[in-house]
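Here is a brief report on selected side-chain features.

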Amino acid sequence: TATGRARHLLAVTDTRTLAVLGQVEVDGKSNEITAFMPLLHPLDLTDTVITADAAHTQREHAAFLVEGKNAHYILTAKKNQPSLYKQLKTLPWRKVETGHSETVHGHGRTEKRSIKVCSVAIGSGLLFPHAVQAICITRKVRPRAGGRWKTVTVYAVTSLAPHQARPAELAAWIRAHWQIEALHHIRDVTYREDASQVRTGSGPAVMAALRNLAIGILKFCGWTNIAKANRRHAHDPGRCLATLGIT
C-alpha cells in the first residue's frame, strides 16, 4: 500500500480443485485467528474435512467446525498449544505400528513419509474438543545429490474416527493441505502477483479474487499447467469464450 504495508488475505480453498471458496482481508497474520469462523460461516461444510495451519488449532475453531458446521477437522499441533503438544509428543509412539508410508521423488530431493495413528477416548483422552485420534507424521528428506537425511516429526489431531478414515486417507488429506502453497506459487510466479502495481483501495483484493477465479476455472476444465493454459488462451481470445461456455 502507499504506507508500505502489504495486503494480507485469508482464504479457504478446495484442495481437490484449487478453487477459492472464500477470501477476506485481515490486518496481518496476527489477525487470522479472529477471521477463521466468519470466513467459514457462510459455507456448507457438512461432512467435509477441514485442514488449517497450526495457528488455527484453537479449541473454539474445533467446536465451531464439529458442532456448528457438522464438519470434521485435521489440525496440526505445535507449541502454540503447549498442553496438547506435550500430550501428543509423550504418547507411546514407539509401540504404535506405522499405518502408512510412501517415498516421493521431486523438487531435487527424496522424501520418505510415514504416519502413525492412535485412537483416544473422548472426554478422557486428548485435551482438545472432539479429538478422537492422535497423529504422528514423520518426514525424512535428503537431497537427490546426496547428503544426510533430515528428519521432521509433526503431530496432529482429528475428529475423524478410525472407521471414518484410514491412515492412508489421513496422510492424503494432510499432504493435500499444502495445495494452498501451489496456489500461492501460481499467483506469484505465473501471474506475478508480487510485482503488481495495483495498490489503491480494494484493488489488490479484487485482483487476487480474479486470479483465484481464473485458476479455478482452468483447473476445473482440466488444465494442470496454468502458464501453458494462459499462453494457449492468449493466442486465440475466442478460446476464452469457449472455456467459459459462451458461444
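## Surface patch

Val 206, Leu 210 and Leu 213 make up a nonpolar surface patch, with about 270 Å² of accessible area together. Patch members have over 30% relative accessible area and no salt bridge, and nonpolar side chains are joined within 5 Å. A salt bridge puts a Lys or Arg side-chain nitrogen within 4 Å of an Asp or Glu carboxyl oxygen. Areas are Shrake-Rupley values with a 1.4 Å probe. Leu 213 sits in helix α6 (residues 203-220); helices are DSSP runs of H or I, at least four residues, and strands are runs of E, at least two.

## Basis

This is a predicted model; local features need pLDDT of at least 70 and side-chain atom pairs 80 or more, while totals for chains, interfaces and linings use all residues. Numbering runs from 1 along each chain, and side-chain values use heavy atoms, without hydrogens or water.

## Aromatic pairs

The count is 3 aromatic pairs (ring centres within 6.5 Å; planes under 30 degrees apart are stacked, over 60 edge-to-face, the rest tilted). Tyr 73 and Phe 128 pair edge-to-face, at 5.9 Å between centres and 80 degrees between planes. Tyr 73 is in strand β4 (72-77) and Phe 128 in the loop between β6 (109-119) and β7 (133-143), so the pair ties together parts 55 residues apart in sequence. Both residues are buried (under 20% relative accessible area).

Tyr 85, Trp 93 and Tyr 155 form one aromatic cluster.

## Gln 81

Gln 81 lies in the loop between β4 and α3 (82-89). Its relative accessibility is 8%, so Gln 81 counts as buried. Beyond neighbours within four places in sequence, Gln 81 contacts Thr 57, Gln 58 and Arg 59 (heavy atoms within 4.5 Å).

Technical notes. Rings of Phe, Tyr and Trp (its six-membered ring) pair if their centres lie within 6.5 Å; planes under 30 degrees apart count as stacked, over 60 as edge-to-face and the rest as tilted. Buried means under 20% relative accessible area, exposed over 50%, partly exposed in between (1.4 Å probe, protein chains only). Patches are made of residues with over 30% relative accessible area and no salt bridge: like charges are joined within 9 Å, nonpolar side chains (Val, Leu, Ile, Met, Phe, Trp, Tyr) within 5 Å.
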